[in-house]
Amino acid sequence: VIKCFKGENSSHYNKDMQYFAQTIPVYDAADAKAVSGVIVVTASTENILSLTDKVMGKSHLFLVCMVLLISVLGVVAAHLLLKLQMSFDRVAQGDLDADITEETYRETRLLSQSVQKSLSKLKAVDQSRQEFVSNVSHELKTPITSIRVLADSLMGMEDVPVELYREFMTDISDEIDRENQIIED
């Protein structure tokens, strides 16, 4: 208060008594530089401190709840990703008919649909490959079968005339050329 009569503002916080005090000089209306009085304002901080303690307690409870919630969500997300990973592993091992549909969340649904589309294309390519191999196998067997029949016929006959022998050998040569052409194609 004495310092305030000299024109200085002051404030003080008493931690032990839990109050705050502030002094404000009151200037004379006639002489703007002369201090005619002092206003002392005090306020108890007891309610503020108890309120702060309550808020801190509730914030700790809130943080614990949030950590638990995030942990549960993390476990659920890990479970979903593990489930998807297991489905993808089955596909990677060659099971193109594995069901990888996961409709739980939009992201997992979109991911599983994309992989399902890729699998459909892989199945079509695999079917195409199987048809190709089957066709090539058939085409390669046809000239070989003809060669075998001609050779067996020659070997089964006795006293084969030279003209027939040459005709069969020409046919065998033609079938070998056909086989080479198929292989080159």
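Helices here are DSSP runs of H or I at least four residues long, and strands are runs of E with at least two, both numbered from the N terminus. The model is a predicted one, so local features need pLDDT of at least 70 and side-chain atom pairs count only at pLDDT 80 or more, while totals for chains, interfaces and linings use all residues. Residues are numbered from 1 along each chain as its sequence is written, and side-chain values use heavy atoms, with hydrogens and water left out.

Take helix α4 to begin with. Helix α4 covers residues 162-184, which makes 23 residues. From its first C-alpha to its last it reaches 33 Å, close to the 33 Å expected at 1.5 Å a residue (the expected span being 1.5 Å times one less than the number of residues). Four residues of α4 are buried, namely Phe168, Ile172, Glu175 and Glu179. Buried here stands for under 20% relative accessible area, exposed for over 50%, and partly exposed for anything in between, using a 1.4 Å probe and protein chains only. Part of the cover over those buried residues comes from α3, residues 106-156.

Next come the charged pairs. The structure holds three salt bridges, a salt bridge being a side-chain nitrogen of Lys or Arg within 4 Å of a carboxyl oxygen of Asp or Glu.

Arg178 and Glu175 are three residues apart in the helix, so about one helical turn separates them. Glu175 is buried, at 15% relative accessible area, whereas Arg178 is partly exposed, at 35%.

Asp126 and Arg129 bring their side chains together at 2.8 Å, N to O. These two are three residues apart in α3, so they too are separated by about one helical turn. Both ends of this pair are partly exposed: Asp126 has a relative accessible area of 26%, and Arg129 has 44%.

Arg148 is exposed, with a relative accessible area of 54%, but Asp152 counts as partly exposed at 38%.

Conventions
Contact = heavy atoms within 4.5 Å.
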